Amino acid sequence: MQDQFAPLGSIRVVLVATSHPGNIGAVARAMKNMGLSDLVLVNPSQFPSYEASARASGAADILDQANVVSSLAEALHDCHQVIGASARLRKVSWPQLSARDVGEHSVKAAQDGRVALVFGREDSGLTNEELDQCHILGHIASNPDYSSLNLAAAVQVFTYECRMACKPSMPGGLGYRFDAATHAQMEGFYAHLEQALAVIEYLDPDKHERFMRRMRRLFNRAQLDAKEVTILRGVLAAATKKAQN
């Protein structure tokens, strides 16, 4: 019989620049409570740490196998869906899901490839540049007069919703014929797109960042597969070659 919680093995928790090692331990405990095990740390201020191990309280195995990397891109390179935890409003509207919807979306997407749940700094969250690398933003509804959640509490809410979304009746996969594009493939496409638009003199230097952010939103919403990325990059290459002749 298929394990209904198997999709949880393809959901990664990514912590960016965590300042308090105790929070890393508490996150490991929250993950193990809900059956997740893939933890990646991006430039933590202190790890490994006695305080992290003490707060893990029985989840030392999660800490032992955690990967420490130097950039968010490295943490996401093999992920097909990236969901960033953020309560901040953006000038460019971004797809945003409730914690419950994040759980449903993550479990469905995890049947096609790896999913990352990305959490930012305790005091300031994720930067705009880091949010740009996310396909969707996740939001936890809370008291508007006191909406700041502890990092581990936020992870607990999202991972709880992921576990609750693992229902035996859930249809499998999103029906892709080809593998969904990875984060690294999409970042390569965005870099290629920006370069091609510069060559054909389409980009407005004064509105460059805003435009590329909108392009990210458009293509993230489309959920491209690997074959589609290859086709689009072929179109960009042909357009660039034509413009340079």
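These entries cover the cysteines and then the helix pair.

Entry 1, cysteines. I noted that this is a predicted model. A disulfide is a covalent bond between the sulfur atoms of two cysteines. How many disulfides does the count come to? I got 0 disulfides. I looked at C79, where the nearest cysteine sulfur belongs to C134 and is 11 Å away. A disulfide needs the two sulfur atoms within 2.5 Å, so C79 is in no disulfide. I then checked C162, which is in no disulfide either; the nearest cysteine sulfur, that of C166, is 7.4 Å away.

Is C79 buried or exposed? I found a relative accessible area of 0% for C79, so C79 is buried. C162 also counts as buried, because its relative accessibility is 0%.

Two packed helices are described by the angle between their axes and the distance between the axes. I looked up helix α5, residues 99–109, and helix α7, residues 151–164. They pack at an angle of about 50°, and their axes are 7 Å apart. I therefore wrote down α5 and α7 as oblique to each other. The crossing of α5 past α7 is right-handed.

Which residues make the contact? From α5 I listed A99, R100, V102, G103, S106 and V107. From α7 I listed V157, F158, E161 and C162. Sorted by class, the contact of α5 with α7 has 6 nonpolar, 2 polar and 2 charged residues.

Note on methods. Residues are numbered from 1 along each chain as its sequence is written. This is a predicted model: local features need pLDDT of at least 70, side-chain atom pairs count only at pLDDT 80 or more; totals for chains, interfaces and linings use all residues. Side-chain values use heavy atoms; hydrogens and water are left out. Buried means under 20% relative accessible area, exposed over 50%, partly exposed in between (1.4 Å probe, protein chains only). Axes are lines fitted to C-alpha atoms, for helices over the stretch in contact, and angles run from 0 to 180 degrees between N-to-C directions. Helices (H or I, at least four residues) and strands (E, at least two) are DSSP runs, numbered from the N terminus. Angles under 35 degrees count as roughly parallel, over 145 as roughly antiparallel, 65 to 115 as roughly perpendicular and the rest as oblique. A crossing is left-handed if the near helix is turned anticlockwise from the far one by less than a right angle, and right-handed if clockwise. Contact means heavy atoms within 4.5 Å. Ala, Val, Leu, Ile, Met, Phe, Trp, Tyr, Cys and Pro count as nonpolar, Asp, Glu, Lys and Arg as charged, and the others, Gly among them, as polar.
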